[in-house]
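Thank you all for coming.

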Amino acid sequence: MAQAPLARPFPLPARPLAPDRAGMDPGGAPSTGPLAADGSQTVAPVICLPPGAGCVDLAQIRKDVPRTFPDQPVVHSRAAAVEALLVEQAELDPELGYCQGMSCVAAVVAAQLADAATASGFFRRLVAGLRGLWLPGFPFLLAGMDACEVLQQRCLPDLHGHLQGQGATYDMFLPDAWLTLFSRWLPFPELWGVFVFIEAEGLAGMLSLTIALLEAHEAALLGAGEFTSLFVLLKTLGRQPRQPDVGRLLLSAKTLLPEAAGLLPRSVGRVGVASLARGHWPKAGALEAFSASGGAGPAPTPSPASPCGAAGACGNAGAADAAGSPGPGPGSEPSPGSPGSGTPGADGV
């Protein structure tokens, strides 16, 4: 078991602040600890790998890979491929280098795509389209947090008000979700379909998917009546007993794409949105075809977009907490913040 990092207290911010390129837990997600007696939060110390520090990158990669998704045998069996993807990416993009959180992304890709060249091509395209998430200063994360607040206020006003009332700011939970591409918000088997969507749609896709996921769990989030339970729930949506159907989730997310893109700065807001005109949407069958053809799967036809309509951001996709998929099998531990059992943690922490 990895030794827990030391923690330092910091006061809860009044608005989203730029996180350091660190404070990550062993699974690759930014790690915040329990509330202290004075109401402050604790966060693990930052590990920021300087650009071009290849040997340091390699050492950190080799430390992180064995503890990424430790509950997934397929990831363990593909550990060498995961390391190879991360090392290659750090060498090809020394400005970005390696940032914790990338190991979760590489693990999903390596587990899904056995061919090294296909996996490398997909991983490099995915990271290149979102590199602002992991660059020092986190420019995509900061732009996305502001846009997420606006879009949530429009589409999920009750939940937005609930988060504000409990003092839950976006910098407390979005880094966890975004730097690992939703590895804490979805069960491991569902992540690949989400990655295909994000590779096509970029940051706008991440923003629209965030709103769709929040709506899917809205009932549980609104039911968290105090800050600690709400905070824990926002960190562990992927462990909840009822999970949204990923196909419906993606359909919900794509209806929000035009509005999500319009809220982002021009330099990032249109990343991937050109696919709206091409009808490049992942769906059941297309994902399997992607794996078999190295990325040349069929392109489904998009449905008409009507974001934030009377039925909410996700239309009639259905809330996971109202009628979700069956809970996990035996052996799962109860998830903090909600009753019942949760699925195993996506990043193993």
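Predicted model: local features only at pLDDT ≥ 70, side-chain atom pairs only at ≥ 80, totals over all residues.

Residues are numbered from 1 along each chain as its sequence is written, and side-chain values use heavy atoms, with hydrogens and water left out.

Phenylalanine 69, in the loop between α1 (54-64) and α2 (73-77), has a positive phi of about 50 degrees although it is not a glycine. Phenylalanine 138, in the loop between α5 (116-130) and α6 (139-155), also has a positive phi of about 50 degrees. Phenylalanine 69 has a relative accessible area of 1% and phenylalanine 138 one of 0%, so each counts as buried, meaning under 20% relative accessible area with a 1.4 Å probe, protein chains only.

Turning to the rings, there are 6 aromatic pairs, where a pair means ring centres of Phe, Tyr or Trp (its six-membered ring) within 6.5 Å, with planes under 30 degrees apart called stacked, over 60 edge-to-face and the rest tilted. One of them, phenylalanine 122 with tryptophan 192, is tilted, at 4.8 Å centre to centre and 50 degrees between the planes; it links helix α5 to helix α9 (residues 188-216), across 70 residues.

Finally, cysteine 104 and cysteine 148 are both buried, and the count of disulfides, meaning cysteine sulfur atoms within 2.5 Å, is 0.

Technical notes. Helix = DSSP H or I, 4+ residues; strand = E, 2+ residues; numbered from the N terminus. Buried < 20%, exposed > 50% of the residue type's maximum accessible area, 1.4 Å probe, protein only.
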